[in-house]
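Please walk through this protein chain with the model open beside you.

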Amino acid sequence: MRPPLGRTAAGLLGAAALLVSAGSAPAFSTSDDDRSEVIKLPGASSAEGIAADDDGAFYAGDLFKGDIFLGDLDEGTAEQFIDAPAGRMALGMDLDTRSGTLAVAGGAAGDAYFYDVDDGDTTATVALTKDANAFINDVIFTGGGAWFTNSVKGELYFVPVDSDGDVGEVETLALSGPAAKITGDFNLNGIAATDDDDTLIVAHTANKAVYTVDTDDGESQVIAGVKVPYVDGIELDGRNLWTVQNFDNKITRWRLDSDLESGKLRDTITDKAFQVPTTAALVGDQLLAVNAKFDTGIPPKAKEFEVVVVDAYGND
């Protein structure tokens with residue numbers, strides 16, 4: 001169900017206010033030995049989320065129009081794949097290769113969108129919450145479905161998705177502990193899951209921190225030592241955690257201990273091609289990061305948007 005125009009417009013303004021309230025942007029940091037290559041998203045009016053498969057096919061979203069681009073890492077190209085209906089947004093996204101389903105966080109609408117990656121058709125639109133102030137920000141697939149974050153409320157949403165791509169009823173998980181803390185800024189943001197699907201890791205922008213979340217009871221615990229101002233999207237592979245720090249214009253890689261109780265900084269990835277990266281997807285030893293260009297305004301005034309491909313393991 002598409003939200004009424006009034007709610008969508010108000011939500012967009014609210015999203016802009018939340019982004020700006022996270023603080024004024026610091027000076028960009030860059031590296032002398034840039035690692036990147038750039039893949040343009042032709043015709044995009046904005047950008048925010050990305051997901052990829054192991055073969056290098058990737059999907060990137062037009063934040064304020066909701067359109068989805070399909071790219072090829074090997075070819076270094078991308079093109080519009082899904083022309084979304086009016087009123088949709090496209091924030092964080094994740095790909096379930098088991099069912100061929102792309103899940104997209106719907107931002108101010110409070111919705112989740114599910115697409116069949118074979119033909120681009122919408123398979124389901126799920127209202128995750130009835131709260132008019134919701135901001136659905138990111139998503140991760142686990143074995144049984146998709147988990148979504150809400151940046152203005154201390155709760156997560158689980159939507160079952162079976163191997164055929166059929167979508168079930170939404171379930172709400174209320175959080176306890178430090179990840180549940182809500183302020184006037186962006187709160188819950190990026191999300192990842194451990195290989196066994198028992199534990200989620202969530203980024204909290206206002207707290208400049210990342211937390212573990214127990215999927216059974218919603219209890220959260222801080223991952224000590226991981227200090228991440230402007231944290232946005234996150235990516236987890238084993239004990240390596242990448243945190244995209246948007247207005248700091250960098251991606252940091254942390255090595256987590258076996259209990260996920262603490263982390264140590266292993267690498268800071270900067271590049272002159274970064275322009276407020278928001279989310280990233282890992283393909284082999286490469287990270288694909290989306291430039292949102294919020295430094296030009298919200299909505300951004302930039303003429304072009306792109307995916308920046310960098311080395312994920314620069315110091316190893």
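**Charged pairs and the pocket**

At 40% relative accessibility, R98 counts as partly exposed; that class runs between buried, under 20% relative accessible area, and exposed, over 50% (1.4 Å probe, protein chains only). The model is predicted: local features need pLDDT of at least 70, side-chain atom pairs count only at pLDDT 80 or more, and totals for chains, interfaces and linings use all residues. Residues are numbered from 1 along each chain as its sequence is written, and side-chain values use heavy atoms, with hydrogens and water left out.

R98 forms a salt bridge with D96, and the closest N and O atoms are 3.3 Å apart. A salt bridge here is a side-chain nitrogen of Lys or Arg within 4 Å of a carboxyl oxygen of Asp or Glu. Side chains of opposite charge can pair when their charged atoms come close. D96 has 7% relative accessibility, so it counts as buried. D96 sits in strand β6. Strands (E, at least two residues) and helices (H or I, at least four) are DSSP runs, numbered from the N terminus. From D96 to A51 is 9.6 Å, C-alpha to C-alpha, although 45 residues separate them in sequence.

How many salt bridges does the structure hold? There are four. One of them joins K40 and E304, with 3.6 Å between the closest N and O atoms. E304 counts as partly exposed because its relative accessibility is 43%.

Another salt bridge brings together E306 and K293, at 3.0 Å from N to O. E306 belongs to strand β24, while K293 lies in the loop between β23 and β24, 13 residues apart. E306 is buried, at 9% relative accessibility. K293 is buried too, with a relative accessible area of 8%.

Now look at a charged residue without such a partner. E48 is in the loop between β1 (37-40) and β2. E48 is buried yet has no salt bridge, and the nearest side chain of opposite charge, K293, is 15 Å away. In this count, Lys and Arg are positive and Asp and Glu negative; His and the chain ends are not counted. A polar atom of the E48 side chain does lie 3.4 Å from the backbone nitrogen of G92.

Next, the largest pocket. Its space is about 880 Å³, a volume filled by probe spheres set on grid points joined across faces, edges and corners. A pocket is an open set of points on a 1 Å grid over the protein atoms alone, where a 1.4 Å probe fits, with protein on both sides within 12 Å along at least five of seven lines; lining residues have an atom within 4 Å of a point. The lining has 32 residues, and D94, I140, F141, E235 and L236 lie nearest the centre. Strands giving two or more residues to the lining include β6 (93-96), β10 (136-142) and β18 (231-237).

Finally, the backbone. Most residues other than glycine have a negative phi, and most peptide bonds are trans. The peptide bond from I298 to P299 is cis, with omega near 0°. P299 lies in the loop between β23 and β24, and K293 is found in that loop between β23 and β24. Phi of K293 is positive, near 60°. K208 also has a positive phi, near 55°. K208 lies in the loop between β15 (199-204) and β16 (209-214).

How values were computed. Polar contact = N/O pair within 3.5 Å; in protein donor to acceptor, adjacent residues only side chain to side chain.
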